[in-house]
Amino acid sequence: MNFIDKLNAAWVRNDSLLCVGLDPDTARFPAHLQGRPDGIVEFCKAIIDATADLACAFKPQIAYFAALGAEDQLEAICRYLRDKYPHIPLVLDAKRGDIGATAHQYAREAFDRYGADAVTVNPYMGFDSVEPYMEWKDRGVIVLCRTSNAGGSDLQFLDVDGQPLYQHVARLVAEKWNKNGQCALVVGATFPEELAQVRAIVGDMPLLVPGIGAQGGDIEATVNSGRTASGTGMMINSSRAILYAQPQAGEDFAAAARRVARETRDAINRYRG
Ligand SMILES: O=C(O)c1cc(=O)[nH]c(=O)n1[C@@H]1O[C@H](COP(=O)(O)O)[C@@H](O)[C@H]1O
C-alpha cells in the first residue's frame with residue numbers, strides 16, 4: 001500500500017487526524033529512563049503503544065537521534081513501528097535538501113535504512129533536489145511550504161509576481177512536481193489564513209500541519225482552514241505537548257501522554273464536520 005492510501009486508511013481506522021511527533025529530548029525523560037543506553041527506544045515505544053489507536057501518523061524527528069549518535073535507536077523504533085503498527089504511516093522528519101546525487105543518498109537513508117513511508121524535504125534548491133525521492137513511488141514526499149515558525153515569513157512571505165513565495169511553492173508542487181500523486185505539503189497550524197490559502201490551491205493534497213500544542217496553534221481555526229470536503233486531508237502534529245504531558249510524571253508518563261493525545265484527537269474531531 002502506498003503512503004497516500006495508508007494515510008487515508010489510518011484517518012478512517014483511528015478516526016483521527018492527529019500525528020504524534022516523536023521528538024525525544026532525554027533531558028525531559030522520566031527519572032527511570034535517564035541515562036539508560038536504550039532509554040530513547042523505551043521512551044518512544046511506550047509513547048507509541050499508548051497512542052497508536054489515536055494517531056493517523058507517527059513522525060520521528062531525526063535531529064533528536066543524530067545529535068546523540070543514536071541512529072541505531074531510531075532504526076529500532078522505525079522497525080518497531082513497521083512490525084507492530086504497519087497500518088500507521090511513519091513520517092521521517094528530516095527536512096532534507098541538496099543536489100540530486102546527494103538527495104539520492106538522503107532518500108536511501110529515509111526509505112531504505114529507516115523504512116519511512118514519507119519524508120519531509122526542503123524545496124529551496126528546486127525540483128532536481130526533490131525528484132530523487134520520487135523514485136520511491138510508493139513513498140510520500142512532504143515539501144515545506146508555509147512553516148510554523150515566525151521566521152518562516154522571512155523568505156516564504158516574499159512577494160513574487162504579486163504572490164507570496166509559499167503560494168508559488170504550493171502551486172508548483174500541486175501542478176508540476178506531483179507527477180506520481182505522492183506529494184504533501186507542510187503548513188503550520190500557527191497560520192490558519194495561509195493554511196486556507198494553501199488548501200484552496202492544492203485541492204485534496206494531504207497537509208502535514210505542525211504547530212498545535214507547544215507552539216500554541218488554535219485547533220478550531222486549523223481544522224476549519226485545512227480540512228477537505230470529506231473532513232480529512234491533514235496530519236496535525238503535536239510533539240512536546242504529548243510527549244511531556246505531565247512534567248513530573250514517573251513511570252506513568254505514557255498514560256499522561258495518552259490522555260493528552262486523546263483530548264487532542266477529540267478536539268480536532270469536534271471541528272471536522
Ligand atoms: O516539518 C515539520 O514537522 C515541522 C515543520 C514546521 O513548519 N514546524 C515544525 O514545528 N515542524 C516540526 O514539528 C514538530 C513540532 O513539535 P512541537 O512544537 O513540540 O509540537 C517538531 O519536530 C518540528 O521540527
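**Exercise 1.** Are K59 and D93 buried or exposed?

*Solution.* Step 1: K59 is buried, and D93 is buried too; buried means under 20% relative accessible area, exposed over 50%, and partly exposed in between (1.4 Å probe, protein chains only). Step 2: their side chains meet in a salt bridge, 2.9 Å from N to O, a term for a side-chain nitrogen of Lys or Arg within 4 Å of a carboxyl oxygen of Asp or Glu. Step 3: K59 belongs to strand β2 (residues 57-60) and D93 to strand β3 (residues 91-96), so the pair ties together parts that are 34 residues apart in sequence. Helices (H or I, at least four residues) and strands (E, at least two) are DSSP runs, numbered from the N terminus. Step 4: through shared partners, salt bridges join K59, D93 and K95 into one network.

A note on the source: this is a predicted model, in which local features need pLDDT of at least 70 and side-chain atom pairs count only at pLDDT 80 or more, while totals for chains, interfaces and linings use all residues. Residues are numbered from 1 along each chain as its sequence is written, and side-chain values use heavy atoms, leaving out hydrogens and water.

**Exercise 2.** Find how many salt bridges the whole structure holds, then examine the one between K6 and D117.

*Solution.* Step 1: the search of the whole structure finds 12 salt bridges. Step 2: in the bridge between K6 and D117, the closest N and O atoms are 3.1 Å apart. Step 3: K6 lies in helix α1 (residues 3-13) and D117 in the loop between α5 (100-113) and β4 (118-121), so this pair ties together parts 111 residues apart in sequence. Step 4: both K6 and D117 are buried.

**Exercise 3.** Which residues form one aromatic cluster with F43?

*Solution.* Step 1: the whole structure has 7 aromatic pairs, counted when ring centres of Phe, Tyr and Trp (its six-membered ring) lie within 6.5 Å; planes under 30 degrees apart are stacked, over 60 edge-to-face and the rest tilted. Step 2: F29 and F43 are stacked, at 4.2 Å centre to centre with 20 degrees between the planes. Step 3: F43 and F253 are also stacked, at 5.1 Å and 5 degrees. Step 4: F43 lies in helix α2 and F253 in helix α12, so they tie together parts that are 210 residues apart in sequence. Step 5: the cluster consists of F29, F43, Y244 and F253.
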